[in-house]
Amino acid sequence: MKIFVAGGSGRVATELIKNLVAAGHQVIAGARSPQKIVTLSGVTPVKLDLAVATPEEIAELMGAATSVYFVAGSRGQALLQVDAFGAVKVMQAAQAKNIQRFILLSSIYALQPKNWHQEGLREIMDYNVAKFFADTYLINNTNLNYTILQPTRLVEGPATGKINVTDAKIATNTIADVATVLADLLKYDNTGKKVIMMQNGDTPIAKALAEI
């Protein structure tokens, strides 16, 4: 499969791309600084500045991709232009290319503003606002076969291979586990048109995804 990754130089993206290549996929990875994209056989880096690129320009970068990931994040520097509207433009590009499968990395409770006052979320209120609009647009304004993955706080550390997707709570996710889940979503047709909240847990990733 040929896959387009928007936000290809970030921490999650780097691990995601490694997983996708290991699974035999070819990856087109877009980033504002393409030289920061992991160098691997099967990975084509392209320059993508989500703040200024048009949907038409993004569609051109997608080439022959059949699936799209949006894992970009401005780290609070351009929440409207990148995290919110940047995501929308990538969705519009995917639709223009008739690419159906779209996987969006979001944030736990992004679609439940009533929870944003909780400790661990109120500190990232503006980020969740941006994610709220991106998630909502994907669900209500596209016909894409989406999966929205909403992990809680990302942390460094070794992969555990185990997650929880049934009891949403503010906890932690190792970046390696989030990347594994993102890559594995392509294997599970039952995750289409779903919003998945996750954190580290006790269920093996394969079992957790199969039972969604």
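Helices (H or I, at least four residues) and strands (E, at least two) are DSSP runs, numbered from the N terminus. This is a predicted model: local features need pLDDT of at least 70, side-chain atom pairs count only at pLDDT 80 or more, and totals for chains, interfaces and linings use all residues. Residues are numbered from 1 along each chain as its sequence is written, and side-chain values use heavy atoms, with hydrogens and water left out.

**View 1. Lys131 in helix α4.** Lys131 sits in helix α4. Is Lys131 buried or exposed? Lys131 counts as buried, at 0% relative accessibility. (Buried means under 20% relative accessible area, exposed over 50%, and partly exposed in between, with a 1.4 Å probe and protein chains only.) Setting aside neighbours within four places in sequence, Lys131 is in contact with Phe70, Ala72, Asp83, Leu105, Ser106, Ser107 and Ala110. (Contact means heavy atoms within 4.5 Å.) Lys131 and Ala87 are 44 residues apart along the chain. Their C-alpha atoms are separated by 9.0 Å.

**View 2. Leu105 in strand β5.** Leu105 belongs to strand β5. At 9% relative accessibility, Leu105 is buried. Which residues does Leu105 contact, leaving aside its neighbours within four places in sequence? They are Val12, Phe70, Val71, Lys131, Leu149, Pro151, Val178 and Leu182. The C-alpha atoms of Leu105 and Ala72 are separated by 8.1 Å. These two residues are 33 residues apart along the chain.

**View 3. Helix α3 beside helix α4.** Two packed helices are described by the angle between their axes and the distance between the axes. Here the axes of α3 (residues 79–96) and α4 come within 8 Å and cross at roughly 15°. That makes α3 roughly parallel to α4. (Axes are lines fitted to C-alpha atoms, for helices over the stretch in contact, and angles run from 0 to 180 degrees between N-to-C directions. Angles under 35 degrees count as roughly parallel, over 145 as roughly antiparallel, 65 to 115 as roughly perpendicular and the rest as oblique.) From α3, the contact uses Leu79, Asp83, Ala84, Ala87, Val88, Met91 and Gln92. From α4, it uses Asp126, Tyr127, Ala130, Lys131, Ala134, Tyr137 and Leu138. The residues of this contact divide into 10 nonpolar, 1 polar and 3 charged. (Ala, Val, Leu, Ile, Met, Phe, Trp, Tyr, Cys and Pro count as nonpolar, Asp, Glu, Lys and Arg as charged, and the others, Gly among them, as polar.)

**View 4. Aromatic rings around Phe132.** The structure holds 2 aromatic pairs. Trp116 and Phe132 form an edge-to-face pair, 6.2 Å centre to centre with 80° between the planes. (Rings of Phe, Tyr and Trp, the last by its six-membered ring, pair if their centres lie within 6.5 Å; planes under 30 degrees apart count as stacked, over 60 as edge-to-face and the rest as tilted.) Trp116 lies in the loop between β5 (101–105) and α4 (125–140), and Phe132 in helix α4, so the pair ties together parts that are 16 residues apart in sequence. Trp116 is buried at 7% relative accessibility. Phe132 is partly exposed, at 23% relative accessible area. Phe132 and Phe133 also pair edge-to-face, at 5.2 Å centre to centre and 90° between the planes. Phe133 is exposed, at 51%. Ring pairs link Trp116, Phe132 and Phe133 into a cluster.
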